[in-house]
Amino acid sequence: MAQTNPAAHVRVIEETSAYWRVVFDYPPFNIVDSTIFEALQDLLARMNASPSLRVVVFESANPDFYLAHFDLTGKIGSVMTAVGASGLPILMDTFVRLTKSPVVSIAKIRGCVRGVSSEFVLACDMRFASRENTRLGQPEVGVGLHPGGGGAERLPHLVGRGRTLEIVLGANDFDGDTAERYGYVNRALPDAELDSFVDALARRIASFDRRAIAAAKHLVNQVSLPSADRLLDAFTSFGNALTWPEAQQRIQTLLEHGLQRDGDFETRWPAVLGTLLET
């Protein structure tokens, strides 16, 4: 079987030396597996080696799927076990290093963004979503699991306790307008305006002094980020939850219904979680 080339699926477009666009292009659904994490680890190394870089915008080549969700067929390599540069497991390490990087990260969201993919955009510094074309959520509880990549720790800082519990325990999708109202994203914009708005903001920030940007981000981080210990506790608990028989039954049922195979089901699956085992 041919090796997957991570760089082909997470492409870097250098708009300027200070502003890069990073495009997820991993057909058919931008499922998050070891390939995506390997590419993000390579990207972090490249970002660290680029002293003129100030802003990175993450976007998708597929307007229907930004990043779909964690691969539930087991193609996750060693992201749960191998340790990254921060001393945390690769999955956590990727998100923590992105959040703490002196480079500003902006998620430009179109399409489905669920579970670990929601946790990726929560690890970015800012999130801007298409008003008409966003499905954002943490459906893990409906799959017999719980968030393990920082969702439960980052969301309360953004949306408050009650709305976090609605998002996590309801396990359903949120559209762009609701996500904006809750604080899940910075803004929801008309789809036709999203690209120009994010590009203008990124270029504006990229024009500023890198030392001032990094110092300001560091100060905000000090009062707004969950501790590494809390993140690691959730991650360890998630790894354990993957072994629960109830979770394995629900995951198997979703895969049998067409998850990661059928485009229509992949688009709408959180809606059926409440009746999954009845059908």
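Q: In which loop is Q260 placed, and what is its phi?
A: In this predicted model, Q260 sits in the loop between helix 11 (245-257) and helix 12 (263-268). Its phi is near 70°, a positive value in a residue other than glycine.

Q: Is Q260 buried or exposed?
A: A residue is called buried when its relative accessible area is under 20%. Q260 has a relative accessible area of 16%, and therefore counts as buried.

Q: Which loop holds A171, and what is the phi of A171?
A: A171 is found in the loop between helix 6 and helix 7 (176-182), and its phi, near 55°, is again a positive value in a residue other than glycine. With a relative accessible area of 4%, A171 is buried.

Q: Where is the peptide bond from P27 to P28, and is it cis or trans?
A: The bond from P27 to P28 is cis, with omega near 0°, and P28 belongs to the loop between strand 2 and helix 2 (34-48).

Q: Which residues of helix 8 are buried, and where do they fall around its axis?
A: An α-helix has 3.6 residues a turn, so residues three or four places apart point the same way. In helix 8 the buried residues are L194, V198, A202, I205 and A206. Viewed down the axis of helix 8, its buried residues fall within an arc of 100°, so they line one face of the helix. The face turned away from this buried side carries the exposed residues A192 and R204.

Q: What do the buried residues of helix 8 pack against?
A: They pack against several elements, among them strand 2 (19-24), strand 3 (55-60), strand 5 (104-114) and helix 9 (210-224).

Q: How many salt bridges are there, and which residues are linked in a network?
A: A salt bridge is counted when a side-chain nitrogen of Lys or Arg lies within 4 Å of a carboxyl oxygen of Asp or Glu, and by this rule the count comes to 16. A network of salt bridges links E15, R21, E59, K108, R110, D191, D195, D199 and R203.

Q: Which parts of the chain does the pair of D125 and K217 link?
A: The side chains of D125 and K217 meet in a salt bridge at 2.8 Å, N to O. This pair joins distant parts of the chain, D125 being in the loop between helix 4 (116-123) and strand 6 and K217 in helix 9, 92 residues apart. At 23% relative accessibility D125 counts as partly exposed, whereas K217, at 10%, counts as buried.

Q: Which residues make the nonpolar surface patch?
A: The patch, of about 230 Å², is made by V141, L165 and L169. L169 lies in helix 6 (residues 161-170), and because its relative accessibility is 53%, L169 counts as exposed.

Technical notes:
Residues are numbered from 1 along each chain as its sequence is written. This is a predicted model: local features need pLDDT of at least 70, side-chain atom pairs count only at pLDDT 80 or more; totals for chains, interfaces and linings use all residues. Side-chain values use heavy atoms; hydrogens and water are left out. Patches are made of residues with over 30% relative accessible area and no salt bridge: like charges are joined within 9 Å, nonpolar side chains (Val, Leu, Ile, Met, Phe, Trp, Tyr) within 5 Å. Accessible areas come from the Shrake-Rupley method with a 1.4 Å probe; for residues, only the protein chains shown count as cover. Helices (H or I, at least four residues) and strands (E, at least two) are DSSP runs, numbered from the N terminus. Buried means under 20% relative accessible area, exposed over 50%, partly exposed in between (1.4 Å probe, protein chains only). The arc is that of the directions from the helix axis to the C-beta atoms. Contact means heavy atoms within 4.5 Å.
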